[in-house]
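Me: I have just opened this model and would like a friendly tour of it. Could we go through it by question and answer?

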Amino acid sequence: MKNKLNLPIRFFHAEIEYSSLTKGSYIPPHTDTWDKRLSFVLYFPDNKTTLNEDQKKRLGTAFWGATAGNSTWSFFDCVLLSDDESDRFAGDYEVKYRSSYEANKLVGFVKSDKSWHSVDEISVHVDRRAIVINIYDS
């Protein structure tokens, strides 16, 4: 569909999901589905659970970037890496930013073929709760 200026008209829709990850759960590095445009994660930990700063960091979302000279991992559609691929990926990429799992913290990113992100394996008895808001191309 085009308007009078011959510019494409795009429609988007939002989906809101509840995420709950417990001990032993993890999300390997991935780039999300091809039709996703923006993602936001709102953390809300149980206020009865005390976490130290290292635990808060390990429970947050890791955002990956290529190390010098490595840019071979480019997937626009969602690809969940196998354990072997994750090991190779970790040799070519490094965590550039890791959000801290803190109450009412909102983390967001624009989806691309290099918007690699993950959640480390949860090693403590905690429910990593979050609301995930995704904006999709319709």
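Predicted model: local features only at pLDDT ≥ 70, side-chain atom pairs only at ≥ 80, totals over all residues.

Me: What is the order of the strands in the open sheet?

Reply: In general, strands of a sheet pair through backbone hydrogen bonds, either parallel or antiparallel. Here the pairing is antiparallel, and the sheet has four strands. Neighbouring strands are turned against each other by 30° on average, direction ignored. Read across the sheet, the order is β2-β7-β4-β5.

Me: Which strands stand at the edges of that sheet, each with a single partner strand?

Reply: The open sheet runs in the order β2-β7-β4-β5. A strand with a single partner has one side left without a neighbour in the sheet, so it stands at an edge. The edge strands are β2 and β5 (93-98).

Me: What angle does the direction of α2 make with that of β5?

Reply: The helix α2 packs on the sheet. It touches β2, β4 and β5. Its direction and that of β5 make an angle of about 80°.

Me: Which element gives the most to the lining of the largest pocket?

Reply: This pocket holds about 310 Å³ of space. Its lining has 20 residues, and Ile-27, His-30, Val-41, His-117 and Val-132 are the ones nearest its centre. At least two lining residues come from each of β1 (12-21), β2 (27-30), β3 (36-43), β7 (117-119) and β8 (128-137). The one that gives the most, with five residues, is β8.

Me: How many charged residues are in the lining of the largest pocket?

Reply: Sorted by class, the lining has nine nonpolar residues and seven polar ones. The charged residues number four.

Me: Which element supplies the largest share of the lining of the second largest pocket?

Reply: The second largest pocket has a volume of about 250 Å³ and a lining of 14 residues. Nearest its centre lie Tyr-26, Pro-28, Pro-29, Ser-86 and Asp-120. Two or more lining residues come from each of β2, α2 (83-92) and β7. The largest share, four residues, comes from α2.

Me: How many charged residues line the second largest pocket?

Reply: By class, seven of its lining residues are nonpolar and two are polar. The number of charged residues is five.

How values were computed:
Residues numbered from 1 in each chain as written. Heavy atoms only, no water. 1 Å grid on protein atoms, 1.4 Å probe; cavity = no way out; pocket = protein on both sides within 12 Å on 5 of 7 lines; lining within 4 Å. Points joined across faces, edges and corners; volume = space filled by probe spheres on them. Nonpolar A, V, L, I, M, F, W, Y, C, P; charged D, E, K, R; others polar. Pairing = 2+ DSSP bridges. Axes fitted to C-alpha atoms, helices over the stretch in contact; angles between N-to-C directions. Contact = heavy atoms within 4.5 Å.
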